[in-house]
Amino acid sequence: MEKRSSYSSLIAVALIALSLLNSPAAAARKAGFRFINRGEVNTLDPNRMSWMQDIRIGYALWEGLYALDPDTLDPVPGAAVKIDVSEDKTVYTFHLRPEGKWSNGDTVTSADFVFAWRRMLEEPGDYTYLFYYIKGAQDYEKAFTSNPAMADFKTVGIEAPDATTLVVRLSHPVTFLADLCAFPPFFPLNEKSMQPFKQTDKTGRVSYGGEFIRPPNLITNGPFKLVSWTLKVGQRLEANPFYWDAKNVKVKSIEAVSVDDNLLAYQKYDQGEVDWLAEPTGEIAAEMKKAGRKDIHVFPSFGTYFYSINCQPKLPGDRVNPMADARVRQALAMSIDKQPIVDNVTRLEEPITSQYIPASSFPKYKAPPGLPKDFAKAQELLAAAGYPGGKGFPKLTLLFNTEGDHKPIAEYIRKQWADHLGINVELEGVEIKQFSQRLHNKDYDIARASWYGDYNDVSTFTDKFKSDSLNNDAGWINPKYDELLKQADVETDVQKRLDILAEAEAILLKEAPLIPLYHYVNKYAFRDNVQGIPLNPRNMVVFKKITAGRGN
Amino acid sequence: MLRFLTFRLLQFPLILAIIYLATFLLAWVAPGSPFEKERKLPAQTKAYLEEKFHATSATAFLAYYPAKVLTTGDFGPSLNYPEFTVNDILRKSLPVSVTLGLVAVAIALVGGVLIGTLAAVKRDGPLDWLSLSVALIGVSVPSFVAAAMLLTAFSFNLKWFPLGGWPSGAEQSLASADTPERSTAYASGKPQLQDALDHPDKYFEFTPTRDRIGTVTGFEISERDGVKIDELIAATGFDWNQLFDHPNTYFRLRTEWWLSAWKYFQSICMPAIALSLLPMAYITRLTRVSMIDVLASDYVRTARAKGLSRPAVVFRHCLRNALLPVLSFLGPAAATTLTGSFVVEKVFNIPGMGDYFVRSVLNRDQTLILGTVMIYSFFLLSLNLFVDVMYSVIDPRIQLTQGKA
């Protein structure tokens, strides 16, 4: 026994000694701003970014043609200085900033955008569908996937007549293109720096090895450049000296610390190891609020928590679907008292809602009222549908994923329906991947759901319920709704368009393929010494404006 | 012995192949895709990603990855972290888990055997009660509770230990660098500046930057509390910002090995204890029970009768026999501990393999699942073999080749 344990310690000592051999490679000033991101960054490839934590780092590293003003969320010039828009809003001509530079000193040209956008179609990723607004883009992606040799990029409405001009032709008028350009999938890429990692397969299709993203290979055009990245440790960013607005970048370096455990993340923030704790859990935020802490900031978000109702004629297992009848859906929606959910479960004063679109994010949007809470009316509707007092109502299952607060909320709602409608639903909790798959396959009766907007336009919400939408998990089909969305697609007057979309939402809410419960809130923890972290619904952070008051 | 070893070693590849296949099949039939997140991917995008990562079908996966593992030892790219390969991840995380695990196993073994033995010798005494408490706590307190309690008490409140993280490799202090820039600044004859260059620790705070395994990648430097750079610039007429902006040309790091050892000890202490509680509980109980058996046997009485002292009998004659059941427990326990614990690594923010083990399953990251499972299996097989060999070392009467046709 003695022998064994001394072997163990010998190996431990050897490992320690091994790490002592490493000598320092470079020196830098202590990071001027440190923060704990929401979780592990999964990827920093603009093609694949979709998680909030990935996108957040993306904003620091890149700059799209346009950026968003963190306070008003209006598009402001980024890599471009101005846009000319054709009368019918289908041709956008971007004029690039001539002094725009990559982190290796090269000039940012329109060819860099063409390259990145083309790659988005040839090496498609999570947000490739946002490019479908561009003329010929979807067809090109399809053609290229089946045979790269036959696909002709000239058919796509992306052109660079000269180094500072980018012309984009759209298949229908789009009023929010500048806003889209601020989003990571539309970021430019430096082709030269990616060349060493180029792989061509047998069919002639090109892809780039992930190493091009890892430091020191990654070349970006934003205020910061990526200096180091280790999984479960985090990223270190340093000011990009070639950035066109470098003189207005407040801190010289940023450290994003990866901490997976929520309690530890809070403790590290509390002891001052980091300046900003982005998105503490609801539980921690609620406790901080309860303790009267001034450094917890809770503000509206760009998302809605709701229940999705399967509207197809048959439920999985070939059962008859009582909820194919809109009256049943309305009854379900009107028989829930929502306030206790935010008072007792989520505890962050989330605004309860009967609407789908978070209207506070769209000042000009006249949100239609949703279905009110009305137990008597709900019972009437249910009776009219043939289930008076819930009699004869088939047993339905409420599906949710077991992470977070979904379970207590589901339990509460089951009770509400049992009390007010006399119907019983069964609860089924599954793990997130299984949950997503079942939701997407419409393999559920009623399910917990949520939606966050991607860009600053109402259509980022309304599109979800289009009958041919990939994300129409409810299987709800309404020709009038589709027709209104089509009208909105070609409407070039901003206010008129919003009114059409409001009319569409009114149909959606009345038909109730979803039961809105509350709008999400964002949670940030930071102290007074930190300036420049904006509290906007979209979590949009402009890193160049942040300081932690430490002078570097 | 040799025959036995050869036979067992020949079994290895076969068992590993079966484990690979079984793991793959389980991972493959699990619902959900590594590429789909909360929203659905367009069909052509999903098809592209599946083709790119050779995941269009089970046969496509099996036609590509196993051959790659066999020929190059490359488990392929992680499906969830496209910028990293499975080998990158394992190379970084395995040494961390193994180091932590070895310390934890050592604590469990030394502590468990000691307490168990003493409990058996002083049966029904206070020590026996202590051993029972240790075992009860170890078995009944889940490690995430124990880990969080240790962290909150000793790191957050008492501040004796760092708030999680992995030992930070080489510990250094700041010293003057022998460079022309430094000599020029020094020669300018400003007493305060000379003092800063001679005793940088008085003016600057520095933090080595490194990846979490402890490889130092550089250092960060900032002014100490109370040091006013603007005033110093005015007083000395030298731009002190130079010292910050190009610290390498003025300072270097001096490695302090004793400080490193201390830091290592500090960071490893809490997680190792948290990790050792459960195996320690088992070892304590196993040692106690078998020790009581052995103490009652005839040869012990003979040894005592011929005049040997009690400690000599216990430690020289009994322990060897009493440890056999502990040994058979130790094999699988060590394999689990060495390949990392999801809970302890998560709570203490330690970049080990246990976390990936669980996370890869949640992400349906099939390549990473296979990588971690294969490493884990390899450890389990090797340690079981090691335990079998150790049997015959501890008790020469056990013949390894017997009973095997």
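The model is a predicted one, in which local features need pLDDT of at least 70 and side-chain atom pairs count only at pLDDT 80 or more, while totals for chains, interfaces and linings use all residues. Residues are numbered from 1 along each chain as its sequence is written, and chains are lettered from A and ligands numbered from 1 in the order in which they are written.

Helix α4 (residues 137-146) of chain A and helix α2 (residues 43-52) of chain B have axes 10 Å apart and pack at an angle of about 30 degrees, where axes are lines fitted to C-alpha atoms, for helices over the stretch in contact, and angles run from 0 to 180 degrees between N-to-C directions. Helices (H or I, at least four residues) and strands (E, at least two) are DSSP runs, numbered from the N terminus.

Within chain A, strand β2 (residues 33-36) directs F33(A) and F35(A) one way and R34(A) and I36(A) the other, and all are buried, that is, with 20 or more other C-beta atoms within 10 Å of their own C-beta atom, placed from the backbone. Strand β13 (residues 253-257) of chain A runs parallel to β2(A) and is joined to β2(A) by four bridges, strands being taken as paired if DSSP finds at least two bridges between them; here E255(A) is the bridge partner of R34(A). Two bridges, again in the parallel sense, link β2(A) to strand β14 (residues 276-278) of chain A, in which L277(A) stands opposite I36(A).

Both I36(A) and L277(A) are also listed, together with I254(A), A147(B) and A274(B), as the residues with the most contacts inside the largest nonpolar core, which has 171 residues; such a core is a set of buried Ala, Val, Leu, Ile, Met, Phe, Trp, Tyr and Cys residues joined through C-beta atoms within 7 Å. Helix α4 (residues 86-121) of chain B gives the most to this core, with 19 residues.

An open sheet of four strands in chain A has the order β5-β6-β8-β7, with antiparallel pairing. Its edge strands, each pairing on one side only, are β5 (80-85) and β7 (158-162) of chain A, and the twist averages 20 degrees from one strand to the next.

Terms used
Buried ≥ 20, exposed ≤ 12 C-beta atoms within 10 Å, placed from the backbone.
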